[in-house]
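Here is a short briefing on side-chain contacts and strand pairing. Please keep the sequence and the 3D view open while reading.

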Amino acid sequence: MPVLPGAEPYRHDGGEVGVLLCHGFTGSPQSLRPWAEHHAAHGLTVSLPLLPGHGTRWEDMQLTGWQDWYAEVDRELRLLSDRCSRVFVAGLSMGGALALRLAARHGERVAGVVAVNPANRVHGLSAYALPVARHLVRTTKGIASDIAKEGAAELGYDRVPLHAAHSLRVFLRRLDGELPQVTQPLLLLRSAQDHVVPAADSARVLSRVSSTDVTELVLEHSYHVATLDEDADRVFEESLAFIGRLAPSVGKEGTAAVG
């Protein structure tokens, strides 16, 4: 199936500091495109891949699982590492969870993590029914476009395929056990009102990681998709400042200044 207009992956060759951005479950690169372009404009090398099964139709996602989604960002991280001297990983929702796993598994290859409303578990009684329900019901209502800003919209599926939801649940449970392996500096931004991922998920992430350099910021004016919402500029600026603080080479000859 062709990729939906606006859901295409994004890449930019910039300086020696790279950033890998990971989009969320049933979403697409469109939700992070302004963030990617902001960092690219400040001279960073940026990769924003399209996860398998996303950006086309929900039926395609039904055939994929967490191993496929993680393999894609893992591959992109390795490519960025070959190209850049320092690489940061960042993501929204499930993308934040993918970024955290990259940090847990790749150690020093990842210089820092930015997580926006990171997912830690699939909530509700229905989550426990997924192993059986996914064989009886194909989809449930979508979760895309939880945005406070009038006129803003996320390009994502209007249905959630339950096979994929079950795989997400398996992934998040696995990641929870790996969070203590995250030692890199962490910037976590969470929305005060989020109708998809509760604040308890961010609290769990913060309680489980082993990072000592940790910053938590609350986004007062946004819902779940904060990268397209009222606090988007703050997300972009705070993450750029975070990267600039940790990457001394940024701003020197041959690279663009951050900030």
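Which residue forms a salt bridge with Arg-57? The partner is Asp-60, and the closest N and O atoms are 3.5 Å apart. Arg-57 itself is partly exposed, with a relative accessible area of 36%.

This is a predicted model: local features need pLDDT of at least 70, side-chain atom pairs count only at pLDDT 80 or more, and totals for chains, interfaces and linings use all residues. Residues are numbered from 1 along each chain as its sequence is written, and side-chain values use heavy atoms, with hydrogens and water left out.

**Salt bridges**

- Side chains of opposite charge can pair when their charged atoms come close.
- The structure holds 14 salt bridges. The criterion is a side-chain nitrogen of Lys or Arg within 4 Å of a carboxyl oxygen of Asp or Glu.
- One of them joins Arg-11 to Glu-76, with the closest N and O atoms 2.6 Å apart. This pair links distant parts of the chain: Arg-11 is in strand β1 (residues 10-12) and Glu-76 is in helix α3, 65 residues apart. Helices (H or I, at least four residues) and strands (E, at least two) are DSSP runs, numbered from the N terminus.
- Arg-11 is partly exposed at 46% relative accessible area, whereas Glu-76 is buried at 3%. Buried means under 20% relative accessible area, exposed means over 50%, and partly exposed lies in between (1.4 Å probe, protein chains only).
- A network of salt bridges links Arg-11, Glu-72, Arg-75 and Glu-76.
- Arg-33 forms a salt bridge with Glu-37, and here the closest N and O atoms are 2.9 Å apart. The two residues are four apart in helix α1, so about one helical turn separates them. Both are partly exposed: Arg-33 has a relative accessible area of 28% and Glu-37 has 36%.

**Aromatic contacts**

- A search of the whole structure finds three aromatic pairs. Rings of Phe, Tyr and Trp (its six-membered ring) pair if their centres lie within 6.5 Å; planes under 30 degrees apart count as stacked, over 60 as edge-to-face and the rest as tilted.
- The ring centres of Phe-25 and Trp-69 are 5.8 Å apart and their planes meet at 70°, so this pair is edge-to-face.
- Phe-25 lies in the loop between β2 (17-22) and α1 (33-41), and Trp-69 lies in helix α3 (residues 66-83), so the pair ties together parts that are 44 residues apart in sequence.
- Phe-25 is buried at 9% relative accessibility. Trp-69 is also buried, at 0%.
- Tyr-70 has a charge over its ring: the charged end of Arg-101 sits 4.6 Å from the ring centre. This requires NZ of Lys or CZ of Arg within 6 Å of the ring centre and within 35 degrees of the ring normal.

**Strands and crossovers**

- Three bridges join β1 to β3, and these strands run antiparallel. Strands pair if DSSP finds at least two bridges between them. Tyr-10 has Leu-48 in β3 as its bridge partner.
- β2 and β3 are joined by three bridges and run parallel. Here Leu-20 has Ser-47 in β3 as its bridge partner.
- In a regular strand the side chains alternate between the two faces of the sheet. In strand β3 (residues 45-48), Thr-45 and Ser-47 point one way, Val-46 and Leu-48 point the other way, and all are buried.
- β2, α1 and β3 make a right-handed β-α-β unit. Right-handed means that, with the strands pointing away from the viewer, the path from the first strand over the helix to the second runs clockwise.
- Six bridges join strand β8 (residues 186-191) to strand β9 (residues 214-219), and the two run parallel. The chain crosses from β8 through helix α7 (residues 199-208) to β9, and this β-α-β crossover is right-handed. Leu-188 stands opposite Glu-216 in β9.

**Cysteines**

- The structure holds zero disulfides. The cut-off is a pair of cysteine sulfur atoms within 2.5 Å.
- The sulfur of Cys-22 is 15 Å from the closest cysteine sulfur, in Cys-84, which is too far for a bond.
- Cys-22 is buried, with a relative accessible area of 0%. Cys-84 is buried as well, at 8% relative accessibility.
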